[in-house]
Amino acid sequence: MMLRLKTAFLCCCLLLAVSFTGCSPDMTASSASEPEKPSPSVQPSAQPGDSPAAATALRIQAGDRVFTARLEDTPAAQALAAAMPMTLNMEEMNGNEKYFFLSDALPTNAGQPGHIAAGDLMLYGDNCLVLFYESFQSAYSYTRLGSITDTAGLADALGSGSVQVTFSLAE
């Protein structure tokens with residue numbers, strides 16, 4: 001019963017978020033206290049000769065904590081890597097994930113993973129970047145982008161509200 005209520009609540013929240021996102025391009029601004037910046041684009045920012053597809057390690061920073069993720073070898077993960085670096089103000093959802101609606105769509109290959117693990121980085125729909133910090137079962141469909149290799153301290157670093165997270169290719 002509780003799982004059904006959580007699922008229904010998540011559906012309503014996502015539909016509401018998508019509705020508001022469509023109303024105004026400024027809904028994804030980084031924060032009210034910073035000067036407004038354009039929403040991160042997923043258009044390739046690589047220079048000729050660079051190979052973002054070959055880079056599989058991602059650096060994720062929340063506060064003073066830094067985590068390393070391994071990206072999947074997929075068109076979606078390659079498109080995300082090509083958009084690096086990006087700093088996002090990620091919002092809280094359900095006490096287990098942070099999300100951000102990107103301004104551009106990524107390629108998708110969605111499937112139902114069943115089990116979500118802490119540290120999974122996924123795409124919901126074609127432009128909602130999701131970083132999970134708790135493990136749980138899910139019937140939702142996601143495109144897998146990658147996962148954090150060591151999640152110790154991840155939940156604490158992300159906190160309980162919105163959080164600024166910086167994604168960049170690991171050097």
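Mentor: Strand β3 (residues 86-93) and strand β10 (residues 163-169) pair in the antiparallel sense over 5 bridges. Strands here are DSSP runs (E, at least two residues; helices are H or I, at least four), numbered from the N terminus, and two strands pair if DSSP finds at least two bridges between them. This is a predicted model, where local features need pLDDT of at least 70, side-chain atom pairs count only at pLDDT 80 or more, and totals for chains, interfaces and linings use all residues. Residues are numbered from 1 along each chain as its sequence is written, and side-chain values use heavy atoms, leaving out hydrogens and water.

Trainee: In what order do the 8 strands close into a barrel?
Mentor: The pairing around the barrel is antiparallel. The order is β1-β2-β9-β6-β7-β4-β3-β10.

Trainee: Is Gln78 buried, partly exposed or exposed?
Mentor: Gln78 lies in helix α2. Buried means under 20% relative accessible area, exposed over 50%, and partly exposed in between (1.4 Å probe, protein chains only). Gln78 is at 28% relative accessibility, so it counts as partly exposed.

Trainee: How far apart are the C-alpha atoms of Gln78 and Pro107?
Mentor: Along the chain, Gln78 and Pro107 are 29 residues apart.
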